[in-house]
Amino acid sequence: MPLPRTRGTALRHRLAELRGPEVPAKALDARALAALAANPGCRRRAILDGAGVNKTALASALGAPSAFGQSQFALTRGNAFEAKVKADGGAELLRLVHEKLDRSAEPPAHAQVPDLSATGPEGRAARTALALREAGEAPGSWTLLDHPMLALDVAGSPAFLEPDAVVVHPDGSWTVVEIKSFPMLDGSADPAKVGAAARQAAVYVLALEQVAARLEPHPRVRHRILLVCPKDFSNLPTASGVDVRKQRAVTARQLARLTRIEEIAEALPEGTCFDPGLPAAELTAAVEAVPATYAPECLSACELAFHCRDRSRASGAVTSLGRSVRAELGGLSTVEDVLAAAHGRAGDPADPAVAALRRAAHLRAEALGAREAVPCP
């Protein structure tokens, strides 16, 4: 007689069915989690990421391929720069941590670099937690964890994350290190890229806090991460401390708002599958069975953005114009509703959004009328 499946096992089995029995799962990384937290109302992204669906292949199969992602050249350059930063046991990296974040500590003349290899992400996460605990039991020394594995609960499903590095300071506190290949010119970098790195690092900080909560006494997870970039146009590393408290708070709040993945999976029709190898009509029906919350910001964060944008425009949803516009329009959710309210065919005149639209339409009519009244020279 077979043993009954536990709830967690049943969920993993269901997610595997949604992905496709022969399709390997795509790991959910910090970049994807940061994007998911920025749009917590999108059930489509939540279930696709939770099931490990390769959204790049899915978008191509739907006929709306996305250019989102890094080029192979950028990846190669980034890997070469990271190797340079971590050379000689991470001596340069630890020097930057000491200089930028902890000058009161003893300089890192010698540091421990534990072996974090293990079988599978669960094994690597357990080995990382053990290494962090052992580092805390040896105060007064520096420890560098190269590509540790952290686990973070996301809507009832574990996500395994791999930061570039985590440094344990002599006082036992922990710092996340982000290594990026974009340049830092005259001590500052592109604000948009720094912001993206901060949001990504905030996810690692949250995962580290979960590890710290299981240890006694609880180690302090620093909210100033170290961002390492090439200096000017050279390949020499430089760094800056970045405070991620705001990004951490926003990410924690948004992840808490995510509908549990099992609830979304249970609401799907039986037999739903997101295997990119399915016929286009069947695949489109499966994707459309899960509601999406599209916004223009998705274009820089989600592989399915072009597909969702086309559907949003076809339905006349005002979200395709941006979240700020959507917020200003209140209960008017489609372009047709907005035009009807502006021209007096629908809408409550006491509604501030309707009143503003009618005032704008009146001013536009006056302006066009005055222009038409002026003869052309």
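Guide: The structure holds 18 salt bridges, each being a side-chain nitrogen of Lys or Arg within 4 Å of a carboxyl oxygen of Asp or Glu. This is a predicted model, in which local features need pLDDT of at least 70 and side-chain atom pairs count only at pLDDT 80 or more, while totals for chains, interfaces and linings use all residues. Residues are numbered from 1 along each chain as its sequence is written, and side-chain values use heavy atoms, with hydrogens and water left out.

One of the bridges joins E303 to K55, with the closest N and O atoms 3.5 Å apart. K55 lies in helix α4 (residues 55-61) and E303 in the loop between α11 (280-288) and α12 (305-314), so the pair ties together parts that are 248 residues apart in sequence. Helices are DSSP runs (H or I, at least four residues), numbered from the N terminus. Both E303 and K55 are buried; buried means under 20% relative accessible area, exposed over 50% and partly exposed in between (1.4 Å probe, protein chains only). The two also belong to a network of salt bridges that links R45, D49, K55 and E303.

Another bridge pairs E209 with R248 (3.0 Å, N to O). E209 sits in helix α8 and R248 in helix α9 (residues 245-257), 39 residues apart, so distant parts of the chain are linked. E209 is partly exposed at 22% relative accessibility, and R248 is partly exposed at 22%.

E99 and R95 meet in a salt bridge at 2.7 Å, N to O. They are 4 residues apart in helix α6 (residues 87-101), about one helical turn. E99 is partly exposed at 29%, and R95 is partly exposed at 36%.

Terms used:
Helix = DSSP H or I, 4+ residues; strand = E, 2+ residues; numbered from the N terminus.
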